[in-house]
Amino acid sequence: MDLPNRPRRNRKGPGVRALTRETLLSAGDFVLPLFLHDLAIDEAIESMPGCTRWSLDGLVKEAGEALALGIPAVVLFPAIDESLKTKKAEESHNSGGLVPRAIRALKEALPELVVMTDVALDPYNIDGHDGIVEDGEILNDETVEVLCMQAVCQANAGADIIAPSDMMDGRVAALREALDAAGHEQVSICCYTAKYASAYYGPFRGALGSAPKAGDKKTYQMDPANRREALRELILDENEGADIVMVKPAGAYLDIISDVRKHTTLPVAAYQVSGEYLMIKSASADGWLNEEAVMMESLIAIKRSGADIILTYFAKDAAKLLLS
Ligand code: PBG
C-alpha cells in the first residue's frame, strides 16, 4: 500500500510510545481516602476488600506510607458511633470529636501531608442524610449553617482543604465566609460540584454505616441523566469561591469531567468511588480481570478526560506501580 500516513510508526516500540504519550499519571495526582473509627484496633472493611477502618495510630501510619510513596494528600471519612448521632448532627462540630483529633494527630506526625476533610452530615446524622431532615425533607439553609460550623471546626484542628460533599445550594459561599471570618483564609475549598445520586456509593455506605434510614439522596445529589446541569453547578461554585471543583463518580462520568475541564480554569478533581473500586477488585479476585492493568487503565482514563486530581482507593497500589 502507498500510505503517507502510518499511525503505527508512533507505536513501534516502548521508546517511541513514551515520547508520543499524551497523558501521564503520577503519585502526585492522587488523594487517598481513609476511613477511621474511634477504636484502638484496625479493622478490615468487608464491603471494600483491601480497605481498613483505622485507629488513630493506624491512620497516621497509613498516611505516612502514602506520603512516602509520593501521594501528597489524604481525605478522611469517619465511622461515628451510633450513640453520637443526632437529628442536628452536633457531633460534626465537636472540637474534641474523632475527625479533629485525627487531623491534629496527622498534622503533628506528618506536617507536610495535605489533610483534606469531608464536609457533610451523613456520618453524624441519625437519619443518614447529608443534611438535616424534617418531615422527610432535607433542609437546605439550616444544613448550611451546621456545615459552616463543621468546616470551621475542621479548619481549627488544622485541615488544609475542606471538601463539601453534601450538594446543598449556596454552601460554597457560606463556607468561604465562615472560614474567612474565623481567620482561615488559607484553608481551601475543594467542592463536589457535580456529585451524582449514584448506586456506586453502596460499598462506602456499608463501610461507614451511613446509608440513609429513609428515602434517597435524589433531592440534593444530581440525576445521572443530566450533563448540562453540571455546568450550572460549576458556574455557581466558581462564583462562590471554590478553589478546586470535583466530579463524582469518575469512571461512568468521563463526559462530565471533560465538560467541566473545558469550562473552567480551576483544577478539576474526580473521585473514583467505592463501587468503581469494588468492581475492579471483585472481577480480578477470581482472575477474570488483571487487577493491575485495569486499575491503571481506569486511572489513566480519568486523567485523560481532564482530571488533575484523582481521589482513589487504589492510590497506594498505583503509586507503587508507578515507582517500580
Ligand atoms: C457522603 C459521601 C459519600 C461518598 C463520599 N462522601 C456517599 C454518599 O453521598 O452517599 C461516597 C464515596 C464512595 O462511594 O467511595 N457525604
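Predicted model: local features only at pLDDT ≥ 70, side-chain atom pairs only at ≥ 80, totals over all residues.
Started at the ligand: I find a polar side-chain atom of K248 3.3 Å from a ligand nitrogen atom. I count a polar contact as a pair of N or O atoms within 3.5 Å. The ligand, taken alone, exposes 400 Å², and the protein buries 100% of that (Shrake-Rupley areas, 1.4 Å probe).

Numbering runs from 1 along each chain as its sequence is written, and side-chain values use heavy atoms, without hydrogens and water.

More on the ligand. Y313 puts a polar side-chain atom 2.6 Å from a ligand oxygen atom. I also see an N or O atom in the D130 side chain 3.1 Å from a ligand nitrogen. I get 18 residues around the ligand, with K195, R205, K248, S274 and Y313 the closest (a heavy atom within 4 Å).

Next, Y271. I have it touching K248 and Y313, among others including P33, F77 and L311 (heavy atoms within 4.5 Å; residues up to four places away in sequence not counted).

Y271 is also among the residues with the most contacts inside the largest nonpolar core, which has 107 residues. Such a core is a set of buried Ala, Val, Leu, Ile, Met, Phe, Trp, Tyr and Cys residues joined through side-chain atoms within 4.5 Å; buried means under 20% relative accessible area (1.4 Å probe, protein chains only).

Last, helix α11 (residues 315-323): I find A315, K316, A318 and A319 buried. Down the axis they fall within an arc of 165°, so they line one face (directions from axis to C-beta atoms).

How values were computed:
Buried < 20%, exposed > 50% of the residue type's maximum accessible area, 1.4 Å probe, protein only. Helix = DSSP H or I, 4+ residues; strand = E, 2+ residues; numbered from the N terminus. Polar contact = N/O pair within 3.5 Å; in protein donor to acceptor, adjacent residues only side chain to side chain.
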